[in-house]
Amino acid sequence: MPELPEVEALAEFLREHAVGHAVVGVDVTAFQALKTVDPPVTALAGLLVTGVARHGKFLDVDCVGLHFVTHLARGGRLRWRDDLTGARPVRPGKGPLAVRVRLSPGEDGRAPGFELTELGTQKRLAVYVVRDPEDVPGVAGLGPDPLAEDFTPSVLKTIVGGSRTQIKGLLRDQKVIAGIGNAYSDEVLHVAKMSPFKIAGTLTDGQVADLHDAIVSTLRDAVGRARGQAAKDLQSDRKPGLRVHGRTGEACEVCGDTIREVSFADSSLQYCPTCQTGGKPLADRRMSRLLK
């Protein structure tokens, strides 16, 4: 799933490639993906793309006051097309294509655009056409953005204070902190040298400061690596530069220990025992002791 760094880079990509073009039309083939009806998706036709923003993991294309907002979820992908001239008409229910946004031709005569596709059986890709991004329930309920200037150690201290939630789950909760998912929560906790099962409310002031530094530095570094990549490369399952996530069985680049994994029903986490849990492997979430 694209997380904050990839969505931020996608927003930058669309600012460079889509802003200044008018929307010619929006073709929806996966009708379950469209979550709003007022204003209708047809209202976007003829409007100029004036900006692109990110809200957590949501991508927001501003079309003169109407907003095309999408959440790619686990199986969604955004594919940029340099020229949609002559593209085959979309057919509802056929293939992975969910939405196609057609834009006006540029000076070179080519008519670009982008397509949202979704693979797999869990159809969770979501598209909204709204007058205000806050009209999207998922956007309205977001916690603070960890790359915003006002996300300070004191803000994080307030967030974790008194919480009985394991720190891994707290970092992934979009209503608590916006934009961090499974991959970057693993990375943040490795940088912070913290067990994923540590109870958030037990963090000392020093640990809160370390965690804040790890969140900000990890995400900024990831945005830097993603910046400038083609849209298709930003959404691969293997994110470049990760130290523990997706690297089960490999050597930790910090200490050389073997990276371990804990599996859940629909996901897994990766961590380094030496760096994060005092050398003790966490064999199973239900049986592992919380390491403080």
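The lining of the second largest pocket is made up of 4 nonpolar, 3 polar and 5 charged residues, where Ala, Val, Leu, Ile, Met, Phe, Trp, Tyr, Cys and Pro count as nonpolar, Asp, Glu, Lys and Arg as charged, and the others, Gly among them, as polar. This is a predicted model, in which local features need pLDDT of at least 70 and side-chain atom pairs count only at pLDDT 80 or more, while totals for chains, interfaces and linings use all residues. Residues are numbered from 1 along each chain as its sequence is written, and side-chain values use heavy atoms, with hydrogens and water left out.

**Pockets**

- The second largest pocket has a volume of about 170 Å³, and the residues that line this pocket include Arg79, Arg88, Arg91, Lys94 and Arg100.
- A pocket here is an open set of points on a 1 Å grid over the protein atoms alone, where a 1.4 Å probe fits and protein lies on both sides within 12 Å along at least five of seven lines; lining residues have an atom within 4 Å of a point.
- The largest pocket has a volume of about 730 Å³, a volume being the space filled by probe spheres set on the points.
- Of the 26 residues that line the largest pocket, Met1, Lys57, Ala73, Arg74 and Arg172 are the closest to its centre.
- The lining of the largest pocket divides into 7 nonpolar, 9 polar and 10 charged residues, and strand 8 (126-130) and helix 5 (182-191) each supply at least two of its residues.

- Strands (E, at least two residues) and helices (H or I, at least four) are DSSP runs, numbered from the N terminus.
- In strand 3 (residues 58-63), 5 of the 6 residues are buried, that is, under 20% relative accessible area with a 1.4 Å probe and protein chains only.
- Strand 2 (residues 51-55) runs antiparallel to strand 3 and is joined to it by 5 bridges, and two strands pair if DSSP finds at least two bridges between them.
- The hairpin of strand 2 and strand 3 has 2 residues between the strands, and glycine 56 in the turn has a positive phi of about 60°.
- Strand 3 also pairs with strand 4 (residues 66-71) in the antiparallel sense, over 6 bridges, and cysteine 63 has leucine 66 in strand 4 as its bridge partner.

**Helix 3**

- Leu156, Ile159 and Val160 are the buried residues of helix 3 (residues 153-160).
- Seen down the axis of helix 3, these buried residues fall within an arc of 85°, so they line one face of the helix; the arc is that of the directions from the helix axis to the C-beta atoms.
- Glycine 162, which follows helix 3, has a positive phi, near 75°.

How values were computed: Buried < 20%, exposed > 50% of the residue type's maximum accessible area, 1.4 Å probe, protein only.
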